[in-house]
Amino acid sequence: MESNKSPPWALRWRSNTLFIIATVAIGLFTDLFLYGLVVPVLPFMLTSRLSIPEDEIQSYVSNLLAAYAGASVVSSIPAGWIADRTGSRRGPFLSGLAALLAATFMLAFGQSIAVLFVARILQGISAAVVWTIGLAMILDTVGPENLGKVVGSIFSFISVGELMAPVIGGILYEKTGYSGVFGVAAGVLGLDFLMRLAVVEKKTAAKSQDASEDAQHDQENATERDVLIPNKKKEDDAYKIRSEPNRIVRTLPILACFRSIRLVVALVLAFVQAALLAMFDATIPTEAQSLFGFTSLRAGLLFIALDVPYLVLGPVAGWAVDRYGTKLAAVIGFGYLVPVLILLRLPSDHVLNGTSNIVLYCVLLALNGVGLAVIGSPSIVEASEVVRKFDKANHGFFGANGPYAQLYGFNSLFFCSGLTVGPIVAGVLRDRIGYGNMNLVFAIISAFTAIISLLVVGGKPWQYAALPSWKTTNASR
């Protein structure tokens, strides 16, 4: 007798790997795009709509930005915990979009500062959900062996949103007012909603008769790779949880993985990466204004020099992480940033004059963009690999979904903390010791990060050098 339950419509393309990746990418793009879209509008919104005094605008803007970051930090781990305990990640993924819809509506029509603060908090919660659950969906879909190049490609794509959103927001507000800004926001949200509504996870599709053969093929390949891993039992023993977990660990199982120094360092890499990104966001406009007399729009265009290398090289750097391992990319990336960060002092020292000095600054920003592209993937790939080993060595301990959404919750927490701390530290250092010396401090931090990456990321250096080649085993990193 045939089952009367038919599979979902268009299951094959809705659960297609490319469509799932595109859905997550659009979700992350929407988060960053809407965040950046309203940033140039906030000061005018506070002045014209809420009649905030001019001398209080900067304080309110800073507090509204902090509300977003704080909400992201606080919400990241709960979002991961919930996602790992639900049968499907799609439900929580949609709930994050609901928070973003509410936030956008409140920003468009809110008539009090309290409403704007609630809106920014909802935006922060949405960001925590989309980054935590989105990255978990990517890992579920492509597996750890392809995570680097996929994450690198996604980060390159969403960097376009981060780059263009403030420029688009400023132009739309100047030409059309609030209606144009929030009209574009509504269009992006509509596309995001349709894609999140349509997507079907691989594991959900696998329960239907029309389950994708690709998912089965991936599982067979994973089994073949496991057979090829040398000393697999010895490796599993190193990640075996032998002691009885306490109540806190039973509630949040990912905490058991923090016995691995590799996981701790991977999260530190995420923090430093975010701090470096935020340092550029906080200081490029002010340096461009004081050094070249640029307007906000012209200062914003300088980010093109920084972000284009990130856009172009992100997928290549991610592929290199998958091919050669996390240690090489982390050491080279953070090590490379040391000299190019130091060289950023040259325009401030006026080694060239006029337009030539502007060109020099753009070239140096582009060189830094190359380094930012290289360090984009190692943290996530390294953390995922460590947690995957714990999950395999302790079957059933982390539940049916594993601890991956919890992991990305911690990753989001560290990353958002870096985004919060980076601008504060950069601003204080620039005011007290100057732009060139500020970059020297961040160069020292980058050098220290390269050293600990050499010693810890991917295993000890001598163990790393002795590992078999990638073609022999994909899991040897």
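The questions and answers below move from the chain as a whole to individual residues.

User: Which kind of secondary structure makes up the protein chain, helices or strands, and how many are there?
Analyst: This is a predicted model, in which local features need pLDDT of at least 70 and side-chain atom pairs pLDDT 80 or more, while totals for chains, interfaces and linings use all residues. Residues are numbered from 1 along each chain as its sequence is written, and side-chain values use heavy atoms, leaving out hydrogens and water. Helices (H or I, at least four residues) and strands (E, at least two) are DSSP runs numbered from the N terminus. The protein chain has zero strands and 22 helices.

User: What percentage of the residues of the protein chain count as buried?
Analyst: Buried means under 20% relative accessible area, exposed over 50%, and partly exposed in between (1.4 Å probe, protein chains only). Of the 477 residues in the protein chain, the buried share is 52%.

User: Which residues does Leu276 touch, not counting residues up to four places away in sequence?
Analyst: Contact means heavy atoms within 4.5 Å. Leu276 is among the residues with the most contacts inside the largest nonpolar core. Leaving out residues up to four places away in sequence, Leu276 touches Phe334, Leu337, Leu341, Leu372, Ile375 and Phe442.

User: How far does helix 18 reach from its first C-alpha to its last?
Analyst: The expected span of a helix is 1.5 Å times one less than its number of residues. For the 20 residues of helix 18, the expected value is 28 Å, and the reach from first C-alpha to last is close to it, at 29 Å.

User: What covers the buried residues of helix 18?
Analyst: The buried residues of helix 18 include Asn357, Tyr361, Leu365, Asn368 and Leu372. Their cover includes helix 13, helix 15, helix 16 (326-343), helix 17 and helix 21 (435-455).

User: Is Gln406 buried or exposed?
Analyst: Gln406 lies in helix 20 (residues 404-433). Residues that Gln406 touches, beyond those up to four places away in sequence, include Trp81, Asp84, Arg85 and Pro253. Because its relative accessible area is 0%, Gln406 is buried.

User: What separates Arg196 and Asp192 along helix 8?
Analyst: A salt bridge is a side-chain nitrogen of Lys or Arg within 4 Å of a carboxyl oxygen of Asp or Glu. The side chains of Arg196 and Asp192 form one, at 2.9 Å from N to O. Arg196 is buried at 1% relative accessible area, and Asp192 is buried at 0%. Because the two are four residues apart in helix 8 (residues 178-198), their separation is about one helical turn.

User: Which residues are linked with Arg388 in a network of salt bridges?
Analyst: Arg388 forms a salt bridge with Glu385, with the closest N and O atoms 3.0 Å apart. These two residues are three apart in helix 19 (residues 378-393), so about one helical turn separates them. Both Arg388 and Glu385 are buried. The network links Arg388 with Glu385 and Lys389.

User: What is the phi of Ser51?
Analyst: Most residues other than glycine have a negative phi. Ser51 lies in the loop between helix 3 (42-49) and helix 4 (57-84), and counts as exposed at 58% relative accessibility. The phi of Ser51 is positive, near 60 degrees.

Definitions and conventions:
A nonpolar core is a set of buried Ala, Val, Leu, Ile, Met, Phe, Trp, Tyr and Cys residues joined through side-chain atoms within 4.5 Å.
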